[in-house]
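The sequence and structure come before the details.

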Amino acid sequence: MDYYQFAVYEMDITQRLENACIHVGGQENAEVTKCVASTSSGNCVAVDSYAHISEEKEKTREKKNRRQKKKSKAKDSENVEANEVGILIERGVSGKETDNKEIVNVQCQEGSANSVTSQKQKAKKKHKKTSSMQCSPLHLSNMHQDQCINHMPEVSHSKKCTSRKGTNTDDKKKTGIHSSNATATKESNTFDSYLPESEVIKGLTENTLIKGAIRINQRNYKEAYVSSPDNDQDIMIEGMRNRNRALEGDEVVLRLNSESEWKVQDSKTQKTGKVVYILEKVHQRGGVGILKSMTDQSKKFALFSPRDSRIPRIRIPIDNCPADFLKETKKYKHILFLARIKDWQDVRYAVGDIIEQIGVCGDLKSETMALLLENDIEISPFDDKLYQYFPRSPFVIPEDEIKSRTDLRDECVFTIDPLTARDLDDAVSCKELDNGNLMIGIHISDVSYFLEEGTPLDQAVAKKATSIYLVESVYHMLPEELCLTCSLLPGDDKLVVSVFLEMSLEAEIISHYFTRSVINSCVQLAYEHAQIMLENPEKEWSKDELPQIYGKYTPRDLSRIVNHLNRLAVIMRKKRFKDGALRIDQPKLKFSLESGTGLPSEYSVYVNKECHRLIEEFMLLANVTVAKQLTTYFPELAFLRRHSPPRKYVFEELRKTLEQRGIFLDVKSAGGLQASMCRYAGDDFTSQARMLVLNCLCAKPMVRADYFCANFKKAAKFGHYALNIPLYTHFTSPIRRYADVMVHRLLCASLDYSPKPNWEPDHVQAIAACCNKKKCQVKHAEEQSIELYLTVYIGLHGPMVEEAVVMDVKDQSFDIIVCSTGQVQRIYTNNLPFPASVMCKTEDDKVIAQEIEWLPTDNIPFGFLQIVEIFSIITVELSRSPVSMKVETRLLDPRGNSVNPLIKKGSSDTKCQGHET
């Protein structure tokens, strides 16, 4: 497979003859119209519709126009003013097919506007009220409140801040209205054809076109971005038509718009562009959603409305819908379906098919299946025919194989993993040498011995690429039986690939070597056991306090080795950060589930302890050591992992913003960022909350780490930004990552245990691309699983009152991080539970704070002024939305009387701590 081969996805667009009338206003003759005929070649011919009018009649008309000159000008002026209020109807909202994506954007010009309709008469009438400096909500029929939240852009004001509930984008420049002349313009309903492949190749070669992965704003699907090749500000793609059928993650080719079409935001110029070609369709072209009738009551199609607003609405032929859909439409109101796009010619909606009926909205099993399907994750079990391609259980290692390996079965080798773990990829050992040094062993399951390259099983595993760890279940990359065979369970002989490092007591590496080994782990320690050994090295363990220990070793032997390893790990970690490594903590939740129902009963934040960091350091060391080996022996085929530097422009803007708030970050390097962030750390609640914000903000400009074939990158691009090292790979988890299997095959070949793989660089790069795609999809699914179970927990045990810290302030909303969960939520200041007045404080055209004046009530006779700005600590109420599987967050009155004593507070043992991933 040639990963860099251009894929042609150009659709044939049938040109249709369209007639449109363009009204020419603001001139003396306001009635003059020109008919524009659009020909199949795209040329326009202007035809004077008054060519047939006699000269006499024309003179009469001119006299009439002169008499009404003042009246006409006044009328035109009113029309222009009405347009400036912002009547912009996207996707032809005309009372026909109103849906969650048929959005009417309301723009408040100069800080004031009213609810408007698409009728000029109503707009004119409403416009007289703009002096109130408020923007009231425009009623949208057939839209749920949560749908409004997902699709309605916010309105910006320079003074008073009020908005409709559920608006999204605070920047008034983001509403799609750039000037009064454009407010009533409709997008064409057809996409432009893609450029020919030859022009694309030429444009990329000559740098007149730009390529990159497209990112679509989840809160405003009409905004998309592609990273600029010069590491400058991202290039914005406005509107569905300019996105030209590209979906999230697609590798696209852009043409920059002319500078006159660029956008001005916060006094800065934003480059804009248009998709002219799709190099690779990364997105699956489908999604999960609900099925509803077309509002025009069409009997030929049903309308599929995806939950992900970045996916277009899809017209589904009736014969592809459930047989009784037309008769019992309401029956399917809360049923989730998976749909796929077959064709997409109309900007407003695609055409596609229903692939699968998933289940009922809100049901845990259905919602879990939905998140797997919408991330294009395959979880079907392996075909029984594939089981012939690996040794069946119980597997006994052949004696010849043992003789060909280093026999470590009598050594003190053991695993340290989570308490309930079954996929045990790695084990460790430590032996004291006569010269005073330590021989450290890192032993990784030899999956490549069992997974023969090129077999149908290998191909199926490569397609899965990674295991999936959801809250309630695990979906293995390997057949479960093979997982158990490879897992380094104690008391059984196991095949491993070992990395041995002789290290001084100061953690200096004296020498290293690789070998294939056979081990027999003496115990499966949990992190909890290792942590106790670190905290109390001399502890006398009773028989029941530890898992069964096999062989001749004692708890004291294990404790001595754990403490030896930790002393080295502490030194190694300190040196890593001194050398410029970066750690960004992201909170991660874990749940306790009720037996039987599977419902969440408790949650807590994963805390990164010393025992976790011990294992992490030695896994990092093994990965780095193997990466050097691969590039030495196979410089063209080395399967590596890199982390590119963050987006420079975004990081610089973040630095400036934080500097205005008294936070000074060094963003020139990973080490500089780490050192400057540490200055603001602390053990008190306020410091922890501040670090939650800093970690979250600094994570946003980061790019994803990715796998690659060394032949496709220059050596200068191999580096890992966060680790601040020149070479890195993944070697230590072959049971759950196919990338590690590839690395094992190369490593064994470098040691002459197997022939050099007969691979082409294109083949390696294609596998790397698949691993990248699947890793990203699985990461999203795992995050959504946590969000799902948290939502269910809050629905069962909420509403809950929690402390939160403000992360970002906009003109009609602000973003917060819930300290007990790490959850990012948006709060709209138009839905406050008590009478309040909201004012925005701006600096350099940016909103930096909201001043919320809580007004006196019958129960609370005094007012209160609350300042909401970045790092502010506030109290919020979390509840489950009654219409969706989402958490709703409400700002609580700081005066305190609004808190219901029956509302539960979050778990007291949860803290604002993060987990290093």
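## Aromatic pairs

Searching the whole structure, which is a predicted model, gives 14 aromatic pairs. One of these joins F325 and Y332 in a tilted arrangement, with 6.0 Å from centre to centre and 50° between the planes. F325 has a relative accessibility of 2% and counts as buried. Y332 is buried too, its relative accessible area being 5%.

F639 is buried at 0% relative accessible area, and Y707 counts as buried at 2%.

## Aromatic cluster and charges over rings

F591, Y603, Y789 and Y793 together make up one aromatic cluster.

Charged side chains also sit over aromatic rings. The charged end of K539 lies over the ring of W541, 5.1 Å from the ring centre. The charged end of R576 is placed over the ring of F577, at 5.1 Å from its centre.

## Crossing of α12 and α14

Helix α12 (residues 527–535) and helix α14 (residues 610–633) have axes that come within 8 Å and cross at roughly 105°. Angles of 65 to 115 degrees count as roughly perpendicular, and α12 and α14 are therefore roughly perpendicular to each other.

On the α12 side, the contact is made by Y527, A530, Q531 and L534; α14 contributes E610, C611, H612 and I615. By type, the residues of this contact divide into five nonpolar, two polar and one charged.

## Cis peptide bonds

The peptide bond from S393 to P394 is cis, and its omega is near -5°. P394 is located in the loop between α7 (364–374) and α8 (399–403).

G798 and P799 are likewise joined by a cis peptide bond, with omega of about 0°. P799 lies in the loop that runs between α19 (761–797) and β31 (800–809).

## Positive phi angles

D376 is not a glycine, yet its phi is positive, at about 60°. This residue is in the loop between α7 and α8, and D376 is partly exposed, with 25% relative accessible area.

A465, also not a glycine, has a positive phi of about 75°. A465 is found in the loop between α10 (456–464) and β22 (468–469). With 4% relative accessibility, A465 counts as buried.

Conventions: Residues are numbered from 1 along each chain as its sequence is written. This is a predicted model: local features need pLDDT of at least 70, side-chain atom pairs count only at pLDDT 80 or more; totals for chains, interfaces and linings use all residues. Side-chain values use heavy atoms; hydrogens and water are left out. Rings of Phe, Tyr and Trp (its six-membered ring) pair if their centres lie within 6.5 Å; planes under 30 degrees apart count as stacked, over 60 as edge-to-face and the rest as tilted. Buried means under 20% relative accessible area, exposed over 50%, partly exposed in between (1.4 Å probe, protein chains only). A charge sits over a ring if NZ of Lys or CZ of Arg is within 6 Å of the ring centre and within 35 degrees of the ring normal. Axes are lines fitted to C-alpha atoms, for helices over the stretch in contact, and angles run from 0 to 180 degrees between N-to-C directions. Helices (H or I, at least four residues) and strands (E, at least two) are DSSP runs, numbered from the N terminus. Angles under 35 degrees count as roughly parallel, over 145 as roughly antiparallel, 65 to 115 as roughly perpendicular and the rest as oblique. Contact means heavy atoms within 4.5 Å. Ala, Val, Leu, Ile, Met, Phe, Trp, Tyr, Cys and Pro count as nonpolar, Asp, Glu, Lys and Arg as charged, and the others, Gly among them, as polar.
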